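Dear colleague,

Please find below the structure that I am handing over to you. My notes on it follow directly after the sequence and coordinates.

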Amino acid sequence: MSESDADGRPSVVARLVAPFVDRSVAERLVISVAAILLSIVIGFAIVLVSGRIAECTTAAWTMPLTGLGFCYDPVEVYVVLFNGALGYPFAVGDPGLLNPEWTPFNLSFGLTLSETTLLIFTGLSVAVAFRAGLFNIGTQGQLVVGALATALSVLAVAPLLPAGRIAGVVLVVIGAAAGAVAGGFWGAIPGALKAYADANEVITTIMLNFVAANVAYVLVLEVFRAEGSSVVATRYVPEYAQFLPWLFPQSSDFALIALLVGVVFIGALYYFVEHTSLGYDLRTSGVQAAAAEYGGVNAKQTTVRAMTLSGALGGLGGSVWVLMSEGRWMASVPDLGFDGITVSILAGNNPIGVLPAAFLFGVLKGGALEIGFRTDVPTELVAVLRGLIILFVAMPEFFRMIGRYTGVGGPPGGVPGTTEPDETAGGDRGETDA
Amino acid sequence: MNPAVHLDGITKRFPGVVANDDVDLAVERGSVHALLGENGAGKTTLMNVLYGLYRPTDGTVRLDGEPQSFDSPRDAIDAGVGMIHQHFMLVDPMTVWENVVLGNEPTTWGGLRVDREAAREAVVELSERYGFDVDPDATIADISVGEQQRVEILKALYRGADVLIMDEPTAVLTPQEVEELYGVFEELTDQGKTIIFISHKLGEALSAADEISVLRDGVNVGTVATSDVTREELAKMMVGREVLMDPATTPQEAGDRVLEVTDLSVDDDRGVEAVSDLSFELRAGEIMGVAGVDGNGQLQLVEAITGLRRPSSGDVRYRGEPMAGKTRRDRIDRGMAFIPEDRQERGLVMSYDLTENAILGSQHDPPFAERGRIDWRASRDHAESVIEQYDVRPPDADAEAESLSGGNQQKFIVGREFERDPDLVVATHPTRGVDIGSTEFLHDRLLDLRSQGKAVLLVSSKLDEVQGLSDRLAVMHEGEFTGVVDPATVTEEEIGLLMAGESLDDDSVEGAALHEAASEEVGGEETASEGAATEEVEGEKAGEGIDDTTAGDEGVDA
């Protein structure tokens, strides 16, 4: 072994910060901001046009000079979308930058963070499968199964324990474990089918979503339905077995502790992927399966492992949904698993990126609710605006292209307009080889 | 008279790198010019400038004295420059003539219909004029690599090329096909065509070219006439120092059996048998070479040995232990090192940096991993030590594998595998794409491993390499060993015949050795090992003489 170079090693602080200031991460942030701005510009036009088409008694906004009236005010829409999602921290229109009465612990921000928390789990679920080169569309099904397992296990164990805080902690742990195991099992099925029967995981996970949703529905309908309930749902788990709202209003369905657990999972998964042997196996299989095989990675085992882990995270998302949001399992499970796919892609399948991506989704969700409360803008139009934002954020390559073309960011690629192919900088002097 | 091609002060910069620095190159009409240099010397970049793929940062390209400004290869083709790439750009299921006219088909009905008759006629006429023996109606998939290369040349000629650039034209050919290619060169230059070919092989440049220009670090260090330069002088120009032309092997007793392969059959991905009933054994302190044209089962053989492919029948034993059912992981743990043929698919994870690549295969083992946690500090140290010892450039453990040139990628893989402290090294084309200086070093390392008592299975298409390093040399053809010969006494022609699947004449000494080897395969293990041992001693006696008989060896590359 060569003598080690003590100075050449980054300090502990530098190593901790490195994943956040990594050039590609910084670039991604810049791109995301640019994408949101561009989507707002286009969204403005859409809001104006639909504001012309819609009929209303008084114009929300009148165009200067022309005197044309519009039913929806685009500025208001976006202000409410972003400001409202946070509970109006910014004093728009009033003097001063910040709203003096604002506290972070408001209902709107709680709703935003609630959505963020749930999407952290589903986003991580999809991301870990992606890193192993597997396209897990089945997070939704894994979440449904995990949620049901959580609700049923907590309901089953609760009568055995004396009601109280300690029983609450025990029940939450049992519920989460049951959710993770059930979700993990549901993920392991397509993993095993892929590894040992060569079944495409995209197909099997989609199919298992239907199986999960319908089996769970029938089970609850026929066996576990709460007496006298008008909807297909289980009984509520005891109050003390749910996450405490703590600081945030009860109606926001948000528990800070759940968000913290989510953040811990982000860190843990990052560590797993980047700093463990199994994580190395997993991501090497994802980027270059032939090299992983050469490096002694058992492809079949890795596939099953990754899908099990992915399913367990989806199942945990289901646990959080039951124990934080609903308090019971009910048939109308929101599309958290599907949104998790978009969250993961926005995050570049990087666990750390899942946090901002899930938060963006949370903001869009919370903001959309606010727009519904505060303005006449139809929810369908808000959905279009949300879609636009996600669409633009999800195509970073488009913005890289713009960046290259205008010379913003990155080295200028020689004389513009030449047919020079993109060269990788470094030692390769255009030498080809066998 | 103006030279056909005149590159006048060409400089080409890439971000951070000067690939060509003020290169002057003049090539006379009707001559063959070799562009010689190590990997990364800037040969291909220079030719890409001439072919219009790159715009030079500085300098002028002149054809027949006329300054040219190429925006794309299309402009270069229009000006009469054609390029034949190392990897052929042919459509396998289409016929020869279809491939030749592809993209420039003669048409009738106002451009709506391809005039097949005229097209075929033009191709036939062209191949007759240059004496090419190619069936215009044959499908590309059915013809040999040498013929495919001629189709590529026809393609360039059909597009009106006067200057032909060829990138490493002999890399994929058998010795016989190389000879035929030289014949084609003559035919072309007789008719006034100009040929520039890129090579990093001295022998090839010396036997085929009229003039040789040597590039080193992007600079033209000299243009010499083939008639007044020696191999040694050329090698010195390329590397910038004296080079030992041949590895010095010393006689050595073989030790214990490390690898025993018995009646091994292996299928390829399509389920076709690629290795048929192969048996051999390999002892500690022995290098066994496997020569042969690529695609004759070498890949499947090494994959079956190293645990990447399941044999369809037969047995592999490693240090006496049957390997059936043992995973790739098990075999790595037992000390098998493997330099794979496809370094960019298998040997390296292209998007990982060298630190991450340094532990590929050892990601579960100390000192790189403890209790499931990877010690990135240890792997960085390891990466840096490999980089330093094996002269990997750029010397940066944070560089991504894909940013390295092929030769440097190769050096890194070889270094990583050699430093694994293996008992068995399975090396497939270990020096492919690696420059002379580093090749010399890697050869020395292989011989070090041998003297340390390691067993080495060396698969290479470079004849001089397998001949110079091996204790025994097996020639593989269509999944079988057509002969196991003594590398010291066998001639190049004989190896060529074996590579083509023909057996040797029994009267010759080598033929006797071959005969013996062949009967061994039938006879069983004990006789096989004895035969091998005696053969080897003879080989070593004669091995001393190999240094004197170098000329021409290196030019041959299957």
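**Surroundings of A401(B)**

A401(B) counts as buried because 24 C-beta neighbours lie inside 10 Å of this residue, where 20 or more are required. Please bear in mind that the model is a predicted one. The residue sits in the loop of chain B between α13 (376-389) and α14 (406-418). Leaving aside residues up to four places away in sequence, A401(B) touches L348(B), V349(B), M350(B), Y352(B), L354(B), N357(B) and Q409(B). There is also D353(B), which is 48 residues apart from A401(B) in sequence, while the C-alpha atoms of the two are 5.5 Å apart in space.

**Sheet in chain B**

Chain B contains an open sheet of 6 strands with mixed pairing, in the order β6-β9-β10-β3-β11-β12. From one strand to the next, the twist averages 20°. In general, the strands of a sheet pair through backbone hydrogen bonds, in either a parallel or an antiparallel sense. For β3 (residues 32-37) and β11 (residues 211-216) of chain B the sense is parallel, over 5 bridges. Within this pair, L35(B) stands opposite S213(B) of β11(B). Helix α5 (residues 145-158) of chain B packs on the sheet, where it touches β6 and β9 (163-167) of chain B. The direction of α5 makes about 165° with that of β6(B).

**Helix α1 of chain B**

How many of the 8 residues of helix α1 (residues 43-50) of chain B are buried? The count is 8 of the 8, so this helix is largely enclosed by the rest of the structure. The buried residues of α1(B) are K43(B), T44(B), T45(B), L46(B), M47(B), N48(B), V49(B) and L50(B). After α1(B) comes G52(B), with a positive phi near 85°.

**Confidence of the model**

The model scores ipTM 0.75 and pTM 0.72. For chain B the average pLDDT is 82, and 87% of the residues score at least 70. Where in chain B does pLDDT stay under 50? This is the case over residues 506-558, for which the model has 86 contacts beyond four places in sequence.

Yours sincerely

Conventions. Residues are numbered from 1 along each chain as its sequence is written. Chains are lettered from A and ligands numbered from 1 in the order in which they are written. This is a predicted model: local features need pLDDT of at least 70, side-chain atom pairs count only at pLDDT 80 or more; totals for chains, interfaces and linings use all residues. pLDDT is the predictor's confidence in each residue, from 0 to 100. Two residues are in contact if their C-beta atoms, placed from the backbone, lie within 7 Å. Helices (H or I, at least four residues) and strands (E, at least two) are DSSP runs, numbered from the N terminus. A residue is buried if 20 or more other C-beta atoms lie within 10 Å of its own, exposed if 12 or fewer, and partly exposed in between; C-beta atoms are placed from the backbone. Two strands pair if DSSP finds at least two bridges between them. Axes are lines fitted to C-alpha atoms, for helices over the stretch in contact, and angles run from 0 to 180 degrees between N-to-C directions.
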